There are 4 protein chains.
Amino acid sequence: MAGSTYGTLFQITTWGESHGAGIGVVIDGCPAGLPISEADIQEYLDRRKPGQSKFTTQRKEVDKIEILSGVFEGRTTGTPISLLVRNQDQKSRDYSNIMNSYRPGHADYTFDSKYGIRDYRGGGRSSGRETIGRVAAGAVACKLLKQLGIEITAYTKSIGPIVIPEEEYDYECIRQNHLYMPNNTYADQASAYLEQCITNQDSSGGIIECVVTNMPAGIGETVFEKLDANLAKALMSIGSVKGMEIGDGFQAAKAQGSHNNDAFYCDGSGIHKKTNHSGGILGGMSDGSPIILRAAIKPTPSISQPQDTINKDGENISMTIHGRHDPVIVPRAVVVVESMTALTLIDMLMINMSSRLDRIIQFYE
Amino acid sequence: MAGSTYGTLFQITTWGESHGAGIGVVIDGCPAGLPISEADIQEYLDRRKPGQSKFTTQRKEVDKIEILSGVFEGRTTGTPISLLVRNQDQKSRDYSNIMNSYRPGHADYTFDSKYGIRDYRGGGRSSGRETIGRVAAGAVACKLLKQLGIEITAYTKSIGPIVIPEEEYDYECIRQNHLYMPNNTYADQASAYLEQCITNQDSSGGIIECVVTNMPAGIGETVFEKLDANLAKALMSIGSVKGMEIGDGFQAAKAQGSHNNDAFYCDGSGIHKKTNHSGGILGGMSDGSPIILRAAIKPTPSISQPQDTINKDGENISMTIHGRHDPVIVPRAVVVVESMTALTLIDMLMINMSSRLDRIIQFYE
Amino acid sequence: MAGSTYGTLFQITTWGESHGAGIGVVIDGCPAGLPISEADIQEYLDRRKPGQSKFTTQRKEVDKIEILSGVFEGRTTGTPISLLVRNQDQKSRDYSNIMNSYRPGHADYTFDSKYGIRDYRGGGRSSGRETIGRVAAGAVACKLLKQLGIEITAYTKSIGPIVIPEEEYDYECIRQNHLYMPNNTYADQASAYLEQCITNQDSSGGIIECVVTNMPAGIGETVFEKLDANLAKALMSIGSVKGMEIGDGFQAAKAQGSHNNDAFYCDGSGIHKKTNHSGGILGGMSDGSPIILRAAIKPTPSISQPQDTINKDGENISMTIHGRHDPVIVPRAVVVVESMTALTLIDMLMINMSSRLDRIIQFYE
Amino acid sequence: MAGSTYGTLFQITTWGESHGAGIGVVIDGCPAGLPISEADIQEYLDRRKPGQSKFTTQRKEVDKIEILSGVFEGRTTGTPISLLVRNQDQKSRDYSNIMNSYRPGHADYTFDSKYGIRDYRGGGRSSGRETIGRVAAGAVACKLLKQLGIEITAYTKSIGPIVIPEEEYDYECIRQNHLYMPNNTYADQASAYLEQCITNQDSSGGIIECVVTNMPAGIGETVFEKLDANLAKALMSIGSVKGMEIGDGFQAAKAQGSHNNDAFYCDGSGIHKKTNHSGGILGGMSDGSPIILRAAIKPTPSISQPQDTINKDGENISMTIHGRHDPVIVPRAVVVVESMTALTLIDMLMINMSSRLDRIIQFYE
């Protein structure tokens with residue numbers, strides 16, 4: 001419960017600070033028998049690493065993953081998988097203004113309020129580098145899900161005011177532009193918008209959408225451990241996420257039941273729904289339709305224009321933040337959303353296995 | 001983890017079905033020494049009970065609470081508090097069409113997918129009556145929070161298209177209208193809209209907002225157990241909630257950093273923020289400003305017009321749902337949102353007590 | 001974690017005090033589809049209820065169980081099962097000496113140290129009546145295990161100095177004598193010993209042994225959640241248990257490896273061990289042999305001879321305890337040991353289901 | 001729950017195999033502000049490292065600890081502390097007989113039963129090297145406890161038939177002999193006994209005792225999370241422990257209440273007990289007296305004489321185990337017992353902080 005562990009049966013524990021020795025994660029409860037290599041994980045880390053474009057921090061980190069345990073002869077053994085990324089480009093610089101002051105929109109003040117001490121170098125534990133552990137573990141979770149035929153696709157739906165309407169999605173484009181948007185034209189518009197933000201010493205927020213296909217029906221528990229409740233926690237636990245929704249989400253609040261209800265129907269291939277306003281979840285359990293999630297991400301708080309704030313002595317000051325920052329974190333957070341979704345799904349799939357006596361009996365026969 | 005338990009140190013376990021013997025909750029980990037009576041709890045239950053207006057189900061339930069344990073001579077003893085509400089108006093009726101068919105927008109299909117068996121009477125465990133346990137425990141949590149000076153106020157911000165702008169809020173009105181809206185004029189408009197829904201055999205969604213004042217800074221854990229992550233789970237675990245946000249929420253996704261960052265300042269009375277776009281949470285911890293939450297609630301899926309669906313045999317059918325249903329559940333869910341918020345806050349306040357060594361030493365001196 | 005909940009996937013939460021309204025338990029995570037009735041549970045409760053012989057308290061309680069939820073048409077539905085026993089014989093008496101003084105060997109002093117308040121009537125939450133919830137839930141767990149072919153048998157191995165050697169066990173006798181001993185002659189000797197204890201206003205301890213047969217191999221996790229570690233916690237959580245061991249237990253500490261190692265061998269019917277010094281557990285996992293557990297139970301602390309102690313004001317006093325007490329609790333604790341063992345096993349069997357990828361794939365095909 | 005995580009608020013997660021890249025632990029929930037260095041931790045690891053005497057494996061490992069996170073400018077920050085020990089002497093050898101056969105008394109067979117795959121090199125995860133993570137974390141826990149004035153002392157009480165009576169304890173001797181026994185004469189006798197074991201290609205078990213002084217009263221929860229229940233789990237989770245007891249333990253089963261009850265008394269310095277048969281725990285909570293624990297450890301299963309067993313193909317074979325093994329693991333397990341005790345105590349001390357409302361109010365004032 002201490003806060004750096006996530007999951008019940010498939011459980012991860014992350015650690016590490018921006019400018020410490022490294023960042024890592026321990027995956028405990030990974031089923032035995034999954035073929036996994038450092039290359040499998042590296043592919044995911046490369047999608048979040050810095051320096052991919054001019055819109056991401058120019059910090060130079062290769063973020064090379066090392067598997068320290070839990071894999072033997074190329075397969076998981078069921079024992080904990082420890083994954084390590086050494087920090088490399090911990091640029092030596094002057095932290096005196098961050099050390100003694102509270103950057104607006106950052107966790108400096110709240111960290112000091114809670115702990116009375118703070119590793120201020122590069123944001124310490126509240127740095128975006130903390131997500132390396134999530135993504136490394138997410139890569140393993142995604143590979144497990146693929147064995148079950150389940151696919152997760154996340155992408156940037158909007159950056160600032162540039163929003164891609166659903167009917168203009170082209171998933172093929174997602175990896176064709178640096179913003180991970182499913183439409184290259186909108187990506188160009190968003191790039192132009194971000195250039196302007198940089199010029200103005202400002203930053204932008206955005207929305208990430210995530211779609212899960214081929215999820216079996218009935219996964220999730222029925223009261224507090226609803227699938228959507230856990231997905232909400234998963235996404236809201238990512239730094240900078242300020243809202244999340246499933247299916248029609250906030251639009252559903254304006255709708256009427258006759259519109260919002262999804263009619264079931266049957267055809268030769270099984271049970272379906274005519275619409276998917278529910279976003280694939282009913283009563284806290286997957287309903288067999290694609291799961292559709294959205295996360296609202298706030299603008300990067302680190303902007304280089306002067307800002308009013310206070311220092312540790314309670315004096316009102318003006319502060320200018322230097323350093324290497326992303327004008328938008330949305331593109332790099334896409335794979336983090338994918339990872340947190342995957343971690344949640346595999347855990348709930350595992351938990352679900354004991355829901356029926358007949359299936360337990362069959363399992364142990 | 002089995003799904004009906006919530007919380008780590010302040011932990012509740014709910015149980016009960018709509019048409020079973022009763023509904024209840026066990027609160028484990030409630031600190032010793034809190035004065036609590038059945039009247040304290042009844043007041044909260046009365047705010048969610050049916051029959052308060054024409055917009056709520058006409059099922060007759062007094063929902064009378066009984067304290068079975070954990071309270072001695074009017075005070076909590078630190079041992080589990082068991083609370084029980086007997087069901088009374090379990091109207092005997094014909095369930096044959098619900099029993100064999102899957103109502104759109106309901107959990108019938110997903111329950112059968114998961115468990116292969118379902119107490120179909122009145123929705124069983126997926127009935128809104130499940131929230132009685134949450135509210136009874138929430139009443140205790142609210143009383144604890146009040147001892148610490150923390151107040152929670154929830155209300156209906158919108159019903160369907162009727163949205164109250166923040167500048168027209170009058171908290172005095174909240175308990176003056178049956179919709180728990182902080183503006184009586186808007187409440188009248190919403191009533192008219194709901195009348196129309198009833199006429200059209202339809203239902204409406206809405207948004208509940210919740211404000212927490214006087215929360216100390218630094219509460220919440222820094223990675224997966226962020227305060228906002230847990231609040232997200234808390235709210236999304238309420239049936240029919242399809243989205244949640246903190247502070248500016250989805251608006252933040254469109255904003256720029258220079259606008260979204262809240263400037264800190266100091267005056268004689270302490271540390272404050274000039275704005276509160278963050279909604280009182282930074283880096284997963286409370287920042288000392290009011291916490292502002294919003295939950296999007298979908299329209300009641302039970303509508304009396306005929307709907308297309310399937311039965312258990314996989315046949316496409318048309319179905320008409322009879323029975324006693326709310327055209328909108330938003331007003332009754334207000335106290336549920338308040339309760340889930342309170343349960344989350346008290347748990348995280350308790351967890352936070354061991355965050356610093358100096359305070360542990362002081363505690364045990 | 002608040003302390004009245006046990007288990008991860010098959011999870012129980014108990015509540016209730018000796019002289020409150022009642023005692024109960026909520027079972028969450030019970031698989032759907034188990035046929036269960038109040039009679040099934042009552043049978044277990046009857047084995048622990050008071051008044052079975054002159055060696056158990058004469059308090060008159062029928063301990064009649066009521067199923068409040070989670071069972072529909074005679075079968076579990078996968079939702080929480082709430083079980084309630086109303087207290088009946090809460091004899092009205094004068095508690096003034098217990099209220100203000102600390103009985104030796106009891107939890108009075110530690111309760112006050114922890115909570116600063118205590119329901120002193122009949123021991124409150126620390127009464128043996130707390131085990132009603134464990135046994136009611138244990139009855140359900142035992143019935144589940146039987147569906148998997150797993151049987152649990154517990155019995156009194158010793159009372160005070162009267163110890164039955166293994167070679168004189170006759171399991172047929174266990175329910176033939178009030179002490180639940182697997183040998184009637186020893187039971188007679190033990191009865192005589194207990195008579196003497198009563199005469200001397202004294203009490204006796206004893207050892208309970210528990211054997212589990214037909215447990216599949218490989219159940220239990222490999223580090224902190226070892227099967228034996230969880231069984232140790234399960235048994236030590238029962239009031240008055242001061243020690244526990246598996247297989248040869250403390251004897252193994254005196255042995256040599258050549259004796260203690262159990263040789264594996266194969267025959268037509270599968271893999272076996274020539275001996276079972278391990279008590280059915282190797283490396284924290286079941287090894288396919290019978291699991292053998294022992295719990296050491298201290299003498300009942302309530303004895304009617306005068307004892308030295310202190311009162312709340314820190315004064316040294318002599319105290320005489322009146323009331324209805326068992327000179328030995330071992331026989332009534334037999335079914336509690338059985339229950340705690342069953343609860344642990346079913347939970348770990350459920351957790352084990354996701355240990356291998358190939359079996360997960362097969363499950364979801 | 002996946003099994004490599006221990007604790008609720010002070011939580012550790014261990015990982016690593018005997019012949020993998022290394023062994024490590026992540027401590028999550030360590031309070032901020034504790035001064036800690038690699039030297040503090042190394043001191044504990046040195047007490048369990050191999051090669052200390054002829055009675056421990058001759059594997060050459062310096063077991064050098066590296067702190068990767070969570071410590072800033074010499075103090076803990078409240079964020080996860082990741083600790084790493086690289087394996088060095090992973091002797092390259094022929095594992096073919098271990099790979100395909102099941103060593104008696106080892107976890108080979110149960111690992112294969114559970115996971116269907118096993119890192120057989122040096123026992124993989126079931127190697128005693130797994131305890132490095134426990135001890136590294138235990139060093140941190142011990143340092144925390146010392147800040148609260150709480151001291152833990154563990155030692156070897158017996159090796160095979162050589163048992164030190166309590167009246168002959170001299171704690172000064174514990175670190176004067178390689179067996180960590182509190183009496184050098186008995187240590188000499190035990191050494192002679194072990195020499196004989198080596199000559200006979202055999203091994204020995206033993207008992208470790210652990211004493212905790214200055215523990216405040218009232219720590220531990222009252223039902224399933226009793227302090228003794230958690231200590232039982234803590235000790236039984238250590239490989240090779242087959243039994244544990246508190247205070248008089250199994251002796252209490254033979255005793256009478258008049259002997260076993262500890263009389264309270266008061267003097268100028270506070271509340272005390274005339275005896276300590278309870279071993280410092282009453283009703284699952286510390287009673288202010290020293291906590292006394294004992295763990296029974298089985299003889300090392302690796303012995304070099306030929307043993308009957310089976311191979312993976314189910315054939316009956318004779319097997320001879322080569323390699324570097326301890327004829328007794330008891331001395332090296334002493335610091336492991338100390339560590340698991342410390343981890344349990346600090347966690348329960350932290351959990352206890354929210355047991356009373358008045359103290360919560362005081363904390364947040």
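Helix 4 (131–147), helix 8 (330–351) and helix 9 (357–364) of chain C are among what covers the buried residues of helix 9 of chain A. This is a predicted model, with local features needing pLDDT of at least 70 and side-chain atom pairs pLDDT 80 or more, while totals for chains, interfaces and linings use all residues. Residues are numbered from 1 along each chain as its sequence is written, chains are lettered from A in the order written, and side-chain values use heavy atoms, leaving out hydrogens and water.

**Helix 9 of chain A**
- In this helix (residues 357–364), A:Leu357, A:Ile360, A:Phe363 and A:Tyr364 are buried (under 20% relative accessible area, 1.4 Å probe, protein chains only).
- Those buried residues fall within an arc of 120° seen down the axis of helix 9 of chain A, so they line one face of the helix; the arc is taken from the directions from axis to C-beta atoms.
- Helices here are DSSP runs (H or I, at least four residues), numbered from the N terminus.

**Chain C against chain D**
- Contact (heavy atoms within 4.5 Å) links 105 residues of chain C with 105 residues of chain D.
- About 8400 Å² is buried between chain C and chain D, 61% of it from carbon and sulfur atoms; that's the accessible area (1.4 Å probe) lost on putting the two together, summed over both.

**Charged pairs**
- Six salt bridges are counted between chain C and chain D (side-chain nitrogen of Lys or Arg within 4 Å of a carboxyl oxygen of Asp or Glu).
- D:Glu221 forms a salt bridge with C:Lys114, with the closest N and O atoms 3.1 Å apart.
- Helix 3 (residues 108–115) of chain C gives the most to the side of chain C that touches chain D, namely seven residues.

Methods
Buried means under 20% relative accessible area, exposed over 50%, partly exposed in between (1.4 Å probe, protein chains only). Helices (H or I, at least four residues) and strands (E, at least two) are DSSP runs, numbered from the N terminus.
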